[in-house]
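Welcome! Take a moment to look over the chain below, and then we can go through some of its contacts together.

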Amino acid sequence: MTGVAAGHAAHVAALFAGVAVWLMAMREPGVRRARVLFVDGPVEPWRAWRGWSWLLKARGPAVERREWWCVPVAVLLAVLGASVLPLVAGAVAVPLVRRWLRGRARRRQCERAADMVAALCGAVVGELRAGQEPGQALLAGLRECAAEGEPQVRGGTGGRGGTWLGDAEAAVLAAARFGGDVPAALRQAADGPGLGGLSGMAACWRVAVDGGAGLAAGLDRLERALRADRRRREELRAQLAGAWSTVVVLALLPVAGLGLGAALGADPLRALLHTPGGLFCLAVGGCLEAAGLLWACRIVRGGEAP
């Protein structure tokens, strides 16, 4: 019975490996084929590795598929342990890893958007001091920031609607070009992730229009405040780097224990996956590992909170 189960596990592992390879290899096959036929020509042997460099760089659409690397790892563990439990764990890990990757991408997007708001304030201040009207200065600043943010948008990390301002960019452009309610458009755009600084820009604009205060001076102070906030975040992240390293080391300790047991000649995977005591220890250890990681991450996230 053990041999039959091992055979079935091997067949299932081969099936999952084939599916994983197909998911990773079928990335824009038509575009790749057209590029080979009409642009690059025949691929020379010494350049053949460049067609697979996306596996190492993980840019563009490949970023959205990095969670599928859990499947080959699960297949390898299933083959080594002759059990289907690693396959089940890999299937459960895929959506969890996808959620974690998307959360990290959203946080990076928010940070980039905040940097773009500070850059927009600086660009508008420069245009105003050069003698431009407020509306024209805002249009010039938006064009400059759009040119800086275009590579990020094409790389798949831009804001909503394909631009760093999101869906509200059209309203801001129209208000600046045709003399509309610019503060209202900026407040609408400030609802996007990481764009809260636009509400301060709208307040400066409103005060300058209603009270006659200097718009350049207010935007200059806002830019300095946004950049100071960015520096504080970077300093805090640098101080918490050691805590994050500790979390990663603690998370990898069970894996190191399994590797040490295999190096000593034991068979930890078989003991964990094929004995009642091992299954019990695996379940309890997995729960404790998850609880410890969540607790440690919550502590570190609490330190990162403003």
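A residue counts as buried under 20% relative accessible area, as exposed over 50%, and as partly exposed in between. With 39% relative accessible area, glutamate 234 is therefore partly exposed. Keep in mind that this is a predicted model.

**How α4 and α5 pack**

- Helix α4 spans residues 70-81 and helix α5 spans residues 85-129; their axes come within 8 Å and cross at roughly 165°.
- That angle makes α4 roughly antiparallel to α5, because angles over 145 degrees count as such.
- The crossing of α4 past α5 is right-handed.
- On the α4 side, the contact includes Cys70, Val71 and Ala74, while the α5 side includes Pro86, Leu87 and Gly90.
- Eleven of the contact residues are nonpolar, one is polar and none is charged.

**Salt bridges**

- The structure has ten salt bridges.
- One of them joins arginine 237 to glutamate 111, with the closest N and O atoms 2.3 Å apart.

- Arginine 230 in α10 forms a salt bridge with aspartate 115, the closest N and O atoms being 2.0 Å apart.
- Arginine 230 also meets glutamate 234 in a salt bridge, at 3.0 Å from N to O.
- Arginine 230 and glutamate 234 are four residues apart in α10, so about one helical turn separates them.
- Through shared partners, Asp115, Arg230 and Glu234 form one network.

Definitions and conventions. Residues are numbered from 1 along each chain as its sequence is written. This is a predicted model: local features need pLDDT of at least 70, side-chain atom pairs count only at pLDDT 80 or more; totals for chains, interfaces and linings use all residues. Side-chain values use heavy atoms; hydrogens and water are left out. Axes are lines fitted to C-alpha atoms, for helices over the stretch in contact, and angles run from 0 to 180 degrees between N-to-C directions. Helices (H or I, at least four residues) and strands (E, at least two) are DSSP runs, numbered from the N terminus. Angles under 35 degrees count as roughly parallel, over 145 as roughly antiparallel, 65 to 115 as roughly perpendicular and the rest as oblique. A crossing is left-handed if the near helix is turned anticlockwise from the far one by less than a right angle, and right-handed if clockwise. Contact means heavy atoms within 4.5 Å. Ala, Val, Leu, Ile, Met, Phe, Trp, Tyr, Cys and Pro count as nonpolar, Asp, Glu, Lys and Arg as charged, and the others, Gly among them, as polar. A salt bridge is a side-chain nitrogen of Lys or Arg within 4 Å of a carboxyl oxygen of Asp or Glu. Buried means under 20% relative accessible area, exposed over 50%, partly exposed in between (1.4 Å probe, protein chains only).
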